[in-house]
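Here's a quick look at the salt bridges and the pocket in this one.

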Amino acid sequence: MKPIAFEIQKQVCQEDLDDLNHVNNLRYIEWILEISELHWKTKTSAAIRKQYGWVVLEQHIYYKHPAKLNEEINLKTWIASSKGVKSERKTTLHNAQGKLILEASTLWCLIDLIHQKPARITSEIVKPYFE
């Protein structure tokens, strides 16, 4: 099965910058979480979202180049793997010229929202993310 990627665009604004006039590391983390949540919400039914949620277990970010004020940024994410209660999600950010800004790998754990415990990832949950 091939993962279905999900993409959004951002424009870097003044509030995104750190003291070096590059996008702040915390903003990158926010963007990675934002695109992950949007992907979940657009591909999963409301019934499943009412029963399940995700928590981050681990995140690795590999910074390649800084993003700067007014740059158009393309964020892209996809599910790399799912097994048991864990799912690995990949995310990349590129500028408008196609230069890689960063790559991220996030390990998520599916949570049963009612019982507040890890839940096994079923085919019903992952099927919308693959073709």
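Glu30 and Arg27 sit 3 residues apart in helix 1, about one turn of the helix. They form a salt bridge, with the closest N and O atoms 2.3 Å apart. Keep in mind that this is a predicted model.

**The network around Arg27**
- Arg27 also pairs up with Asp16, where the closest N and O atoms are 2.5 Å apart.
- Put together, Asp16, Arg27 and Glu30 make up a network of salt bridges.
- Asp16 counts as buried because its relative accessibility is 5%, under the 20% cut-off.
- Glu30, on the other hand, is partly exposed at 42%.

**Other salt bridges**
- The count comes to 7 salt bridges.
- One of them joins Lys2 to Glu131, with 4.0 Å between the closest N and O atoms.
- These two are 129 residues apart: Lys2 is in the segment before strand 1 (6–11), and Glu131 is in the segment after helix 3.
- Lys2 is exposed, at 53% relative accessible area, and Glu131 is exposed too, at 60%.

**The largest pocket**
- Its volume is about 240 Å³.
- It's lined by 14 residues, and the closest to its centre are Ser36, Trp40, Trp54, Arg89 and Trp108.
- Helix 1 gives the most to the lining, with 4 residues.
- By type, the lining splits into 8 nonpolar, 4 polar and 2 charged residues.

Technical notes
Residues are numbered from 1 along each chain as its sequence is written. This is a predicted model: local features need pLDDT of at least 70, side-chain atom pairs count only at pLDDT 80 or more; totals for chains, interfaces and linings use all residues. Side-chain values use heavy atoms; hydrogens and water are left out. On a 1 Å grid over the protein atoms alone, a cavity is a set of points where a 1.4 Å probe fits but cannot get out, and a pocket is an open set with protein on both sides within 12 Å along at least five of seven lines; lining residues have an atom within 4 Å of a point. Grid points are joined across faces, edges and corners, and a volume is the space filled by probe spheres set on the points. Ala, Val, Leu, Ile, Met, Phe, Trp, Tyr, Cys and Pro count as nonpolar, Asp, Glu, Lys and Arg as charged, and the others, Gly among them, as polar. A salt bridge is a side-chain nitrogen of Lys or Arg within 4 Å of a carboxyl oxygen of Asp or Glu. Buried means under 20% relative accessible area, exposed over 50%, partly exposed in between (1.4 Å probe, protein chains only).
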